[in-house]
Amino acid sequence: MKMESVEKPRVRVVGEEKVRIKKSFIKPWMGVKYLFRKPVTIKIPFEKIEPAPKYRGFHTLNWKTCVGCNFCGQICPARAIEMTWMEGEKRPHPKIDYGRCTFCQFCVDVCPTGALGFSENFYLTTGGLEEDLELYDWVPIHPDKVRELNEKFGDYRFPVERIEKKGDGVYVYHLRDGSRIEFKILGYGLRPPAAAKPKPAAKSSGGAPKE
Amino acid sequence: MDMNEKNVEEKVEESRPELPDTREGRLVKALIEKAPYAEGSVRRERRVEFRVSVERIHEFLELASETFEMLMQISVVDWIKEGEFELVYQLWSVSESVHAFVRTRIPRENAKLPTVMDVWPVAETYEREAHEFFGIIFEGNPRLGPFILEEREYKKHPLRKDFNMLGHVKAIYGEDFDRYDESKTNYVI
Amino acid sequence: MSEIGNDGVISYELKEFKLFEPLFKWARKKSLWIVAFCTGCGGIEIPPLATARYDFERFGIMPNPSPRMGDLFLITGYVTPKTLKRIIITYEMMQDPKYILAHGSCPINGGVYWDSYNVVKQLDRYIPVDVAIAGCMPRPEAVMDGIMEMMRRIEDGTADGWKRYRENYEYYRRNQDELFGEGWREKEARRWLAWI
Amino acid sequence: MIDWKLILEVIGILLYATFMGFIFMGIERKAMARIQRRVGPPLYQPIIDTLKLLGKKESISHGFIYDFGPVFALGASIAALLFIPIANFQLFSSNADLIVVAYLLEVPMLGIMLGAMSSGNPFSAVGVQRGLLTMVAMQLPYGLALIALIQHWGTFKLSEIVALQGAQGWSVTVPALLIAMIVFDIVFQAMLGLEPFDIITAPAEISMGPMVEYGGKHAAILFTQHAVQIFAETAFFAVLFLGGASNLLELLIKQIAVLFIAIFVASIYPRFTIDQAAKFFWKWPTILGIIAVLLTV
Amino acid sequence: MADLEVPNELRREAKEHDMYLHPIDRDTYELFFGPQHMATENFSIILKMDGNRIEKAIVNPGFLHRGFEKLAEGRPYFTNIALLLRICVPESDVPENIYSMAVDEIVGWEVPERAIWIRTTVLEMARVSAWMFWIMGFGNEIGLYTPGQWAAAYRERFMRLYEELTGGRVYHIYTVPGGVRRDIPGDRWLRQLRDTVEYVKGKMKDFDEILFDNYITFERTEGVGVMDKRFALKHAVTGPNLRATGVPYDVRKDDPYYLYDQLDFEVPVLKEGDSLARVLIRRYELEQDLYILEQLLDMGPPSGPYMVQDARLKALPRFKPPKGDAYAHVESTKGDFGAYVVSDGSHKPYRVHVRGPSQSHGVTVLEELLKGARLADVPVILKTLDNCPPDIDR
């Protein structure tokens, strides 16, 4: 340990005369010149702003390479990730809850196979009713599909338009271009569910009343 | 260039009583001569450490306030296994540019100690906060009571280690406080 | 002004100005005044939106200090119970029609504070939410998109949180009382009265 | 006998004044926005705001006085407007209409105060207190500027002042009256409620002051009142110092010129506190006003 | 309002509930200043007014309390970054950095030079963007909206740079123990940063003209909220507020971290301790920060890794530092921001305690300064102290 290494850096105190300024009645009038300049406003939503490359937006998931290790679930500070067993998949896949996600993307950093990724998409606007808010809880879809949708629509919206919940744990994702992804959720957790028993019915007490 | 680095082995060495002949060492020595009941050590450049028993903490801090002009914070650490609260008074000396930890330990039950408001008026805020979150009573501070929290949480002193946060959340917001699925709350990180 | 019609449905249309209702709808859409209440950390993305960079005054949106004149309540992020009391009181002070836009993850499902003892987990149990946007925090563009969505909903009449709040007042009131304890309004008011 | 022509003129002028007043408010917002380097709202935005406020479902009242205040204010503004010779329309006239208009223009503030006081909100009370103090403070320079004007032209009649200005050149060209105009312009800033004298509705301090409890239709009436007021005040300024106008277009140009000075001042100076404002009013504008009066003697 | 009769038991109850609520005389009235108010950001002050003067002020914080310190005890070391940065929203890099510095010290990591450079740059950018925000806030409080609109627009340029560097606009989640999460996205970014610094430097003249030189700004701030040196030290006021009273204490000079002992910058000091002095100090520091950024750009980022090489980082969620504790602090625009981290050897911190600068100047100092002030001075004092409510609440 270097105890006497550097002496205390001298605080360079600047003289008062440099800090002080003179008050003036006239000088503020210079501000009026901006009346005739062009505004700096970016006219959203008519003008589009591209988010920076690698802006931390919604997730993507390559279902083929995901090994279901739950590293993402362990690192998640918001516990937004839940391993989900689906019919036809050998390993569970993360299901991400955007009612919790903080978009820190630590989960992407720790993903050992690179299956979990993120896109620059950031728009997700819904109504406030319980069935609208279902959209905030999804299993991410393939990055190629997200890219394709971005190219098609030219904006950065959430790729899924509506999540339809059929009975028996069957979920249908209606994508923005009209295609559908349909799968059946068998259960949650690290261990495979004992049987393909249906998910307990979505609770109704918590939500806002429906008209 | 970076003064953050520090090895664990070195830390053990430093806690020996002999003080290095540096600015920090001399400072600690001078203070300990005045207050022989305190233990002092130098942790690293610009960080010194004192241990004082709770009976003489006020006396010591009054003495220390001549060198250390500012009380930056009162940090409380709840060592639940030992059944003690550790109070760390974080002091900063503007004239010497040294940060001091003044440590004292009090039992968890019936935790009481004198206030240092008369030395540093700002201690009022820190003590209110420590009282609120840990339930420590600072004798002489007139404003102990709900400060940041509301009454329900205030009564539980939430930063204590034995405060069951998830249980409290479930009690207030219902078992189903997760909109989508409850099983997320079951697994352990 | 609201009264029960022959069919038993509560009518919230304004009787004396019924003829002008389409005009008012258009005006409401074009002139959303925001209640200046920065309830959470998302409040930091409102200044860029309000000032020269994105300038939402182009759409007639502007912050207003008085809740009496406000139309749009931005719940900018997480809500603590202490704030929620004020939010409810402020929301009830606002005059119908009034709209709520919830920012980011936290009002939907607790966000990163899902296990915090002092953050309300699902906002729509206590007050009606009209539009929710994702993000932590949402970019100004996303907030703008939310406001645009709000305008669309005002136009087609689906931004009806204020109606829901009136119709299901017992439901919301029950949830509020569960969270804060019975008689929290009186208690809070009493605490303030003791000042006088 | 009913003078149908007069009634039609009154209605026409009122509609025109209200509309133009709203547009002036829009210009104010737009020009400030441009100085602030942004696009700003459309010019007709205040009309939309008023419409929206009218369409609000309102359930709050604090008694009769609370409801009466805005109406009272609107009435006073309209009365002031009708005494001002707007272009070639001189609707009402009396021998001392300058005094009448000068003080009718201050009555609306009293109306707002009246309503605000009955709302019971402490912020309103502070706002009212500030408003009354501002009124008291600005009386002195305001009166001095008017006295200088009256002494120079030797008449209390606005139409005569306009005529004399037409014959002998605008008031501004007279050095003494130029000083009076500067004084009047400072007072004008306070009458419009713009910075540095927007003490009454200081949003960061007392959150809109007297307006804090008003919403819905009350606020809509207050907005309309403000529109009429802004039109009347700018017209009054133009009549007194810029030689009046022979047609509405000329008047409009002069009004907008007056308005722009107010906008510039408002967008570059912060707000005074109330005691500073009172001190300020009793210092520089008063001294200048006395000089103007002495010069015209 | 004042005519309401309040029964005695109610008064007693209120007194028990909040022991410093006193019954108030009839000549005075009280104002609930905030939280629904333009000048306070979800922060409430209860003012007992006597006419236009404040007799007594009581700060009522806690609207933003989320229990960070408790939450941090339940999350692994690295993920706490995503949580703790929410303590200071306008400059979220500061909590990231203090926490990372403290953990670095506990672990004993030597952070790579490139990471140090990036961290310093990010901190300075945070300072400049927070100054821009402050200009907006201060302008709005005194009723001058024009410079605030400009400043918020110029701040967006920094936000864009942040977005490209870190992937987030406000919450960057960028500085982690051991380094930073991403490398600089190429020389283009450095060029853009230099352009932005140049641009903002060019615009400083406008701010001077319209805001700082303005006669009424002086009128509003001169002699308002005066504190002396002794008072400031006893109340642990730090940052520009302390320097305005004549104490040249700046963490960057007195306890240099990162590259600050190699950088050349000046510490402005004034003696008056009033709001005007605080404003002038802040104006000068903004200039100095732009100058520091220029120096950093001249220096250029050193080559090398941007993250420490450690085998323990392979299993990030289970990363365990040794036992120990550390206190780290940095100079934020509001003052001395510090964090005390205690590790008990497990994968979660045993205790994290954050010292926000507003904790010292936002409660007792504010109450003292408001005593005897005019109502119109409340926003001025609030903003010149640069009170940040989340610091107090956490």
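Mentor: One term before we start: two residues are in contact if their C-beta atoms, placed from the backbone, lie within 7 Å. Also keep in mind that this is a predicted model.

Trainee: OK. How many residues of chain D are in contact with chain E?
Mentor: On chain D, 24 residues take part, and they meet 28 residues of chain E.

Trainee: Which elements of chain D give two or more residues to that side?
Mentor: Four helices of chain D: H6 (122–153), H9 (203–206), H11 (248–268) and H12 (274–281).

Trainee: Which one gives the most?
Mentor: H9(D), with 3 residues.

Trainee: And how do the residues on that side of chain D divide into nonpolar, polar and charged?
Mentor: There are 12 nonpolar, 6 polar and 6 charged residues on the side of chain D that touches chain E.

Trainee: Stay with chain D. How many helices and strands does it have?
Mentor: Chain D has 13 helices and 0 strands.

Trainee: What radius of gyration does chain D have, and what would a compact globule have?
Mentor: Chain D has 19 Å. A compact globule with 297 residues would be near 19 Å, so the two agree. Along its principal axes, the C-alpha trace of chain D spans about 55 × 50 × 40 Å.

Trainee: What share of chain D counts as buried?
Mentor: Of its 297 residues, 61%. Look at the contacts in chain D between residues at least 6 apart in sequence: 80% of them join residues at least 24 apart.

Trainee: Which strand does E3(B) pair with?
Mentor: With E4(B), residues 84–93, in the antiparallel sense over 9 bridges. B:Gln73 stands opposite B:Gln90 there.

Trainee: I clicked on B:Asp78 in strand E3 of chain B. Buried or exposed?
Mentor: Buried. The cut-off is 20 or more other C-beta atoms within 10 Å. B:Asp78 has 24 C-beta neighbours inside 10 Å, so it counts as buried.

Trainee: Which residues is B:Asp78 in contact with, leaving aside neighbours within four places in sequence?
Mentor: B:Phe85, B:Phe134, B:Arg160 and B:Lys161.

Trainee: Now chain E. In what order do the strands of the open sheet come?
Mentor: The order is E7-E8-E9 in chain E, with antiparallel pairing. E7(E), 324–331, and E9(E), 351–355, stand at the edges with a single partner strand each, so one side of each has no neighbour in the sheet. Direction ignored, neighbouring strands are turned by 10° against each other on average.

Trainee: How many bridges join E7(E) to E8(E)?
Mentor: 8 bridges, with the strands running antiparallel. E:Tyr327 has E:Tyr340 in E8(E) as its bridge partner.

Trainee: Which helix packs on the sheet?
Mentor: Helix H4 of chain E, residues 93–107. H4(E) touches E7, E8 and E9 of chain E, and its direction makes about 145° with that of E7(E).

Trainee: Last one: what pLDDT does chain C average?
Mentor: Chain C averages 80, and 87% of its residues score at least 70. Over residues 1–13 of chain C, though, the pLDDT is below 50. Where pLDDT is low, the predicted coordinates should not be read in detail.

Technical notes. Residues numbered from 1 in each chain as written. Chains lettered and ligands numbered in written order. Predicted model: local features only at pLDDT ≥ 70, side-chain atom pairs only at ≥ 80, totals over all residues. pLDDT = per-residue confidence, 0-100. Pairing = 2+ DSSP bridges. Nonpolar A, V, L, I, M, F, W, Y, C, P; charged D, E, K, R; others polar. Rg over C-alpha atoms; globule rule 2.2 N^0.38 Å. Buried ≥ 20, exposed ≤ 12 C-beta atoms within 10 Å, placed from the backbone. Axes fitted to C-alpha atoms, helices over the stretch in contact; angles between N-to-C directions.
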